[in-house]
Amino acid sequence: MSKIVEKTVSSLQAYVSRNILRGEFLLQDFTLEIASAASKEDENEIIARKLSALEQEMKDCLKTERIEEYLLQAMYLEMLGHPTPFAYVHAVKLLQQGQLSQKLIGYLATTVFLDPSHELVVLLINSIQRDLTSKVSLVVVMALEIIPRLIHGEFAVAVQPLVIEKTRHYSSAVRKAALVALQHCYSQCGSTQISLAHVRILEKGLADPEVNVVSSAAQCIRACAKDNGGEIGHLCTPLLDVLSQLRLKRVHSDYEFGGISAPWLQLTLLGALGHLKLDTEQTKNVLSTLKEILDARIVNQTIYYAILWESLNTLSKVLTAGSPLQKSAIDCIAKMLHSNSTDLNYSGVDALERVLAKCCPSEAVTCQDVIIDCLHHPDESVRIKTLNLLITMANATNVAAIVNRVMKYASTSVDYTVRSFVCEKIIHLLKLYSEDIRWCATTFVNLLLIAPSHITETTVLDFINIFKKEKQAVLPCIMPELLKADDVYSGENASLLTLVAWGIGQVKPDMPASCSFSEAVQKLMVILESCESDSQLSLCILTSLSMLLLNWKQPLQDDMGTVTRLASDSTSPLVKQRSQELLNWNKLLQQKCSSLENGGYGKEDVKVDTTLSFLDGYVCKALEAGAVPYKPRVFTAVTLEDVRSAATAVSGLDIGGCSVSDMDILSPDYLSFTSDVPMAESSAKTSPWSATGRRKSESIEPEYARLESRSVNSSKQEDVELMKALFSPVSSAKAVKTDLIISPDPENVDVASSSPLQQQKATVSKSAELWGIELKRHS
């Protein structure tokens, strides 16, 4: 056993022997036998044997003294994680006894054994009500202390009048326990507003002559202020009065610790002030008190820095921009950051993050060297907290430098939780500053290459929805790295492959810096071969292949038979349907490849019956039998004469001149899986087909010039650049454009900076829309 456990057992033995069992300790042999176990298996074996023997002894025992011993043993086993349900009812019975020692063990065992939802809690109500009326202060305290632990809901309302009465008890210990129990009872009543009578009791508790009662009242006020800070704002003055009395050391020296009077009570008071909703005069008084605390030089103790941190936390909630307290706050934070203690470094970074949320980041220029040093701190918690601070300081000017540093940390971190946290922060910044679409796209692809398993497919679809608005600018930036991405599906890189499939599916013949049709098809086919088990990703790849066929008008080569296998053996109906449509389309292109290249069909071309005349007989019979004709939303009702006239006017239509409606007749489910969008609306959306035929390709913007690659070999130079970006005045600073060379190598990650941006919200659409597929409703 460890030294801590040994000391705990020794202390428990001494306490029980001295205060409960009058010198006879009944657990010594029991605990020593368990502690002497050589292994965990031996310990479990001993405990199992003890549980069986203890249950039998408690059934046969009739003496109360032995019950006390057995309950102590059962409590010890419960603390070791082994339930003893056979002892629960004995604990409830024991607290109903008249002797003080029996009540003490009964209340203690009941608190250890039961939870508020246990069925035996009902049996405690009468005993608690009876003990609250006792003349023995210790019995009253035991009854009050069990209320917050076990008495919840309507049972708390039943004992509330007796608890209110005990707030006026002559004993300070009873008043202290009564305030805590009363706060619990009010929290269980279900009301969202605090009672005026309860506020008066708490205010009276702040004026109590005993420090322990004042401390209990302050804790209750802080709990109330979290939910009802506006209703108890008038308590600001008594809280400040108590705080000033403590700072003047007008309490007994027994409450001092580290040269500071009741430091834990000061922390509670400062926390309560931070949750109150104050008016102008109260805010001024609070700021004045905080300034005195921040400017004071009392002792160089850890508890003193705890008070400073709580003061800074309160200051961050009441601080206004341009306040003279900013300098005092930054000076105190600098003192923490320059300390040799890791705990103080972490507290300093946390306090700086809270304060900078209310003032300009350039105010922290005095701490810039220490902030950069914290990025290289040996303790990982400090490094993560510093990265979170940098994210808080991000704006349109320095966001690129901050993202660059955060991504560098993500590439070197090995902890899964840390990497997930860092990726979440980067994605937040990318969505916040996504107006510079090229920077956003290259950074996001870089993040996918570094940590694909930490980015969900939903997040990828959100960014695709952003990128597709300016895909002519995005694709040339990200296409080279998408082609170099690993094309072997492993489950963890599904998000990366989703973006790869979307990007390659947008490739067109006239796109600058693009890849060839064969390269794009080969890349997608390799991915499709490895991800057949993932139906969602397979649908994305099949859609991209279909878009390639439409854009290039060339058939693909399915040498491995992957698409054919999916069309016949896939367990997903959508995958089978999409695969069969792709095969049909590819077969038609193979037959008419030469005609497609020339822009039309020869005389021998097969004509397509767009009116489905082979169904005329069936439709005529159905209409003559009284069937209701189909009424499209955008067309008039079809009559029998319309069908007969259409049958005589069947005209062929070649593929090169297909209209949108013709494509729907050829393959009504090609353009979407399902849709709630009416036909009239879908025809107005962007489509590769128009009413007169395929749309002409829009003008492609000139190829963007590649920015000069810049890799920083020295970490010191990186820190200097980051410092310039962070602490330069935002109003006069200009965004420094940095080239982003996307590389799967985590150590060569560089992120381009963004121009001054405004916050932009990404519109989330269905996955079919994200892939550029127009939605239609089909009968």
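**Salt bridges and exposure**

Q: Why is Lys-59 called exposed?
A: Lys-59 has 59% relative accessibility, and exposed means over 50% relative accessible area, buried under 20%, and partly exposed in between (1.4 Å probe, protein chains only); therefore Lys-59 counts as exposed. This is a predicted model, in which local features need pLDDT of at least 70, side-chain atom pairs count only at pLDDT 80 or more, and totals for chains, interfaces and linings use all residues. Residues are numbered from 1 along each chain as its sequence is written, and side-chain values use heavy atoms, leaving out hydrogens and water.

Q: What makes the contact of Glu-55 and Lys-59 a salt bridge?
A: The N to O distance is 3.9 Å; a salt bridge requires a side-chain nitrogen of Lys or Arg within 4 Å of a carboxyl oxygen of Asp or Glu, so the pair qualifies. Both residues lie in helix α3 (residues 40–60), four residues apart, about one turn of the helix; a helix is a DSSP run of H or I with at least four residues, numbered from the N terminus.

Q: How do you know that Asp-131 and Lys-103 form a salt bridge?
A: Their N to O distance of 3.0 Å meets the criterion. This pair links distant parts of the chain, 28 residues apart: Asp-131 belongs to helix α7 (residues 124–132) and Lys-103 to helix α6 (residues 100–113). Both Asp-131 and Lys-103 are buried.

Methods:
Helices (H or I, at least four residues) and strands (E, at least two) are DSSP runs, numbered from the N terminus.
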